[in-house]
Amino acid sequence: MKASLIQDRLCDVVYQIPLSANYYRLGLHSQIDQFTPGQFAMLAVPQIAGVLLRRPFSLAKQDGPITEILYKVVGKGTQALSQVDVGKKIWMLGPLGHGFNEIEKINEGIAVAGGYGIAPFYELAQIRKNAQKPFTIYYGARTQSDLLYLEQFAELGVTLKISTEDGSMGFHGKITDLLNQDFAERAPQKIWSCGPMGLLSAIKKWSAAKQTDVELSIEEAMGCGTGICLGCVVKDQNGQYIRACKEGPVFNGASIDV
Amino acid sequence: MFDYSVKLKNLKLKNPVIAASGTFGYGEELNDFFPVENLGALSTKGLSLKPRLGNPMPRIIETPSGMINAIGLQNVGVEAFLEKKLPLLEKRQVTVIANIFGNTLEEYIEIAKILESSSVAAIELNISCPNVKAGGMEFGNDPKMAAVVTEEVRKVFSRHLMVKLSPNVTSIVEIAKKVEAAGADSLSLINTVTAMVINTQSKKPMIANGVGGLSGPAIRPIAVRMVAQTYQAVKIPIVGIGGITELNDILEFMIAGAAAIQIGTSNFTKPKIAQELIDQLQNHLKTEGLSSPQELVGTLEGF
């Protein structure tokens with residue numbers, strides 16, 4: 001896969017689609033060639049004052065020159081982001097960091113996503129489809145309205161295994177319980193996972209017990225995204241702090257302490 | 001004939017724009033965005049005698065027009081810096097200012113001795129560090145201790161010695177005068193302002209260290225004021241630091257008395273900012289018909 005050079009560009013907003021539960025699909029005319037699922041971008045909304053730092057977002061999809069970002073309004077920054085109309089501009093710095101590996105190579109690779117940790121698996125599903133490899137996503141969310149991209153995954157031929165904490169859709173309970181059910185006797189060849197730290201920690205343990213190769217995409221607040229502020233560190237297996245933005249955000253599960 | 005270079009006593013910079021310590025790593029990362037040798041100088045991530053792990057997470061929090069950090073001076077240590085990081089900077093002919101800190105006076109001296117036999121152009125003394133031997137009292141908070149550490153490092157380091165002043169003091173002017181008398185070649189100010197943000201739900205500080213250093217545009221007026229006051233009290237050159245994000249901010253600092261400036265937090269929000277400001281400042285000075293940046297320095301009126 002061709003790696004794109006990092007660029008910092010003032011991009012046109014091509015679409016801004018509100019979804020359920022304060023989620024949005026944002027389309028930016030980024031003109032990047034390609035990204036590796038798991039890579040991210042730092043976005044800045046130039047129109048707002050007082051919000052200093054850019055915000056990191058997983059890159060969800062590349063369609064020609066357009067990059068899609070999936071986000072949820074959680075605070076001041078994302079609130080401002082949601083109010084930028086089509087035709088206005090946003091700074092996008094990216095693609096940044098290291099994404100998931102062996103996407104086209106692995107025969108039986110599954111994804112485990114929690115909440116909007118689903119974002120990178122949209123592009124990953126496209127790559128799996130292009131490579132004619134099957135793809136199953138174990139997708140856990142709080143409730144039905146937090147489940148995103150379901151139609152898109154159906155179109156890409158993805159097998160979806162859904163769990164919700166309130167039982168409003170799919171399996172009632174944790175996604176790890178559903179994994180245990182399906183893989184009681186065996187293990188998948190590889191797991192790509194993205195979601196909250198609690199989920200990543202559980203997936204790391206589960207994979208270790210199953211002796212399965214696992215890659216975890218870490219969600220962290222970030223100051224710069226370029227490796228200089230040292231504000232987004234995670235401990236590696238030797239107890240040293242390494243940067244989520246630079247050495248990650250995707251790490252081999254065995255290499256980090258989560 | 002326009003000359004963009006700046007002379008801070010015995011330290012020559014190709015332009016007055018320096019990347020501030022802790023906001024440009026060791027010069028590797030942002031080289032993807034512009035050639036790091038275009039900077040007037042690069043002040044390295046703070047170097048200690050031994051490598052430091054740094055503080056637990058969370059380490060940073062955004063505040064109105066600013067941010068608080070408590071990274072805990074995570075760094076590779078001075079020896080690894082010289083062995084693994086400096087060669088790239090030497091190859092690119094970057095003017096390197098080694099920012100250093102110690103937990104004791106002896107550590108400061110030891111690091112300075114090591115750097116004396118290296119190629120770094122200057123040392124920037126970070127004296128905003130607790131002295132473990134003196135019960136955790138910060139070197140930079142006490143005029144006498146600030147003078148002692150400056151004097152001792154002066155004895156073992158022959159090239160340019162810059163001392164970075166903390167704003168968390170009763171009188172920065174008093175400390176500036178003491179440090180000047182102790183042999184500093186220049187002063188850089190200000191370091192971050194000690195600050196705190198509390199999570200009202202958990203009733204705990206928002207960063208793991210409890211307190212951290214506030215930086216960004218929020219502190220700029222404090223920094224400009226301190227540069228203006230210090231400029232009236234000392235003869236050695238001043239390097240202005242604090243929330244610079246655009247050309248006008250640099251002009252403010254220079255008018256207040258800064259012979260050079262450092263870009264800090266803005267490197268986080270816009271990786272090419274230093275290069276942009278280098279170009280904008282040059283254009284501005286030329287447009288104004290000035291022959292060098294020095295002509296603007298200390299031109300403050302009515303103060």
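Helices (H or I, at least four residues) and strands (E, at least two) are DSSP runs, numbered from the N terminus. Just after α4(B), Gly183(B) takes a positive phi of about 110°.

This is a predicted model, in which local features need pLDDT of at least 70 and side-chain atom pairs count only at pLDDT 80 or more, while totals for chains, interfaces and linings use all residues. Residues are numbered from 1 along each chain as its sequence is written, chains are lettered from A and ligands numbered from 1 in the order in which they are written, and side-chain values use heavy atoms, with hydrogens and water left out.

The model scores ipTM 0.94 and pTM 0.95. For chain B the mean pLDDT (the predictor's confidence in each residue, from 0 to 100) is 96, and 100% of its residues reach 70 or more.

In helix α4 of chain B, residues 172-181, the buried residues (under 20% relative accessible area, with a 1.4 Å probe and protein chains only) are Ile172(B), Val173(B), Ile175(B), Ala176(B) and Val179(B). Seen down the axis of α4(B), these buried residues fall within an arc of 160° (taken from the directions from the helix axis to the C-beta atoms), so they line one face of the helix. Their cover includes α3 (143-156), β11 (160-164), β12 (186-189) and α5 (220-233) of chain B.

| Strands | Sense | Bridges |
|---|---|---|
| β3(A) (40-44) and β4(A) (55-63) | antiparallel | four |
| β4(A) and β5(A) (66-72) | antiparallel | four |

Leu43(A) stands opposite Arg55(A) in β4(A), and Lys61(A) stands opposite Glu68(A) in β5(A). The hairpin of β4(A) and β5(A) has two residues between the strands, and there Gly64(A) takes a positive phi near 60°.

Technical notes. Buried < 20%, exposed > 50% of the residue type's maximum accessible area, 1.4 Å probe, protein only. Contact = heavy atoms within 4.5 Å. Pairing = 2+ DSSP bridges.
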